Amino acid sequence: MRVLVTGGAGFIGSHLAEALLRRGDEVICLDNFNDYYEPSRKWANIRQAQQSSAYTLIDGDFRDVALVEQVFARWRPHRVAHLGAMAGPRPSLARPLLYQDVNVGGTLVMLDAARRYDVAGFVLASTSSVYGRSATPWSESSPSDRPLSPYAATKKAAEVLATTYQYQYGMPTTIVRFFTVYGPRGRPDMTPAAFVTPMRAGRPITLFNGGVGVFRDWTYIDDIVAGVVAALDAALPCEIINLGNSQPVELGRFVATLEHVTGLTARIEAQPLPTADPPITYADIAKAGALLGFAPRVQIDEGLARYWEWACREA
Ligand SMILES: NC(=O)c1ccc[n+]([C@@H]2O[C@H](COP(=O)([O-])OP(=O)(O)OC[C@H]3O[C@@H](n4cnc5c(N)ncnc54)[C@H](O)[C@@H]3O)[C@@H](O)[C@H]2O)c1
């Protein structure tokens, strides 16, 4: 099968591309190597995939209608994994128009091309952030109409567009809502890197609410990739599916685990939880289990150990 992966040079996309290549799929990666974080990291992310003859890299922007048209006409992908986006709730407060342009406008460009070229399955990466502050655990039917940040709102808008396209054109579409993904190649703006970097330098880390009452449902990268691959294969008619670990970890325990794994000590600077962040994220993954056979395997101690091993190699 030939899969077009947008954002394929990013954290999750590069792991997905490798997993697809390992099992014999062809991968077309479309990524614009933007500077949300250092582009050199993204080039490093795809180094291994680029060794494969089944891998094609297109360095370009999925908002570019003419380019996207060319990509579909030339490669005729069987499936699309649309992972490319401006990620991160807090930075979206400073650049809401850019988030709108990429996450909503760009998704529409991809949906429209995919339906015109009869793609047999479209998987859209969304986020647990759409649930805002609604009561946990979050199932797919939990309220998601009050996102806390422009990022989350643009992701919700992209979801809504995808369901409209599914309704009008019948393209099999699955929206996967990821819960705090971590592991090797993790984004530098996300918590593991944002803690490990100052811990190594002996600088204090910023801990929201001092680590008390803030829970994240950390989900290991390999588990997320397994869920996305299953969604690509299943090509279900129209579903929204949570991909999380369903075991929220309090931030204080997360730091203690990180200290244990790294042998480093965290100096803590407590700050209030930003308004774009919910206090708890917690996935109900019954639907993912039933429809995709999704069953997360890697728990936080092991996942952070693997992350640390990678971070040491990269340093
Ligand atoms: N990492 C998480 O914890 C998490 C949680 C929930 C949802 N998500 C979603 O998963 C997806 C992947 O996230 P990630 O953590 O790998 O982020 P990432 O920033 O590492 O990857 C996104 C990639 O998309 C590319 N991109 C952005 N705009 C583009 C454009 N206009 N054209 C082409 N490429 C473009 C970027 O260059 C980047 O390589 C995103 O849709 C994100 O919203 C991630």
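## The ligand shell

A residue counts as near a molecule or strand if its C-beta atom, placed from the backbone, lies within 6 Å of it. The ligand is surrounded by 30 residues, and the closest are Gly-7, Gly-10, Phe-11, Ala-85 and Phe-178. The model is predicted: local features need pLDDT of at least 70, side-chain atom pairs count only at pLDDT 80 or more, and totals for chains, interfaces and linings use all residues. Residues are numbered from 1 along each chain as its sequence is written.

Helices and strands are DSSP runs numbered from the N terminus (helices: H or I, at least four residues; strands: E, at least two). At least two residues of the shell come from each of α1 (11-22), β2 (26-31), α5 (96-116) and β5 (121-127). With three residues, α1 gives the most.

The shell holds 15 nonpolar, 10 polar and five charged residues. Here Ala, Val, Leu, Ile, Met, Phe, Trp, Tyr, Cys and Pro count as nonpolar, Asp, Glu, Lys and Arg as charged, and the others, Gly among them, as polar.

## Strand β5

A residue is buried if 20 or more other C-beta atoms lie within 10 Å of its own, exposed if 12 or fewer, and partly exposed in between, with C-beta atoms placed from the backbone. Seven of the seven residues of β5 are buried, so this strand is largely enclosed by the rest of the structure. Gly-121, Val-123, Ala-125 and Thr-127 point one way from β5, while Phe-122, Leu-124 and Ser-126 point the other way.

## Neighbours of β5

Two strands pair if DSSP finds at least two bridges between them. Strand β4 (residues 79-82) runs parallel to β5 and is joined to it by four bridges. His-82 has Leu-124 of β5 as its bridge partner.

β5 also pairs with strand β6 (residues 173-178), in the parallel sense, over six bridges. In β6, Thr-174 is the bridge partner of Val-123. Together with helix α6 (residues 150-169), β5 and β6 make a right-handed β-α-β unit. Right-handed means that, with the strands pointing away from the viewer, the path from the first strand over the helix to the second runs clockwise.

## The whole chain

The protein chain has 11 helices and 13 strands. Its C-alpha trace spans about 55 × 45 × 40 Å along its principal axes. Of the 315 residues, 44% are buried.

The radius of gyration, taken over C-alpha atoms, is compared with a globule rule of 2.2 Å times the number of residues to the power 0.38. A compact globule of 315 residues would have a value near 20 Å, and the protein chain has 19 Å, which agrees.
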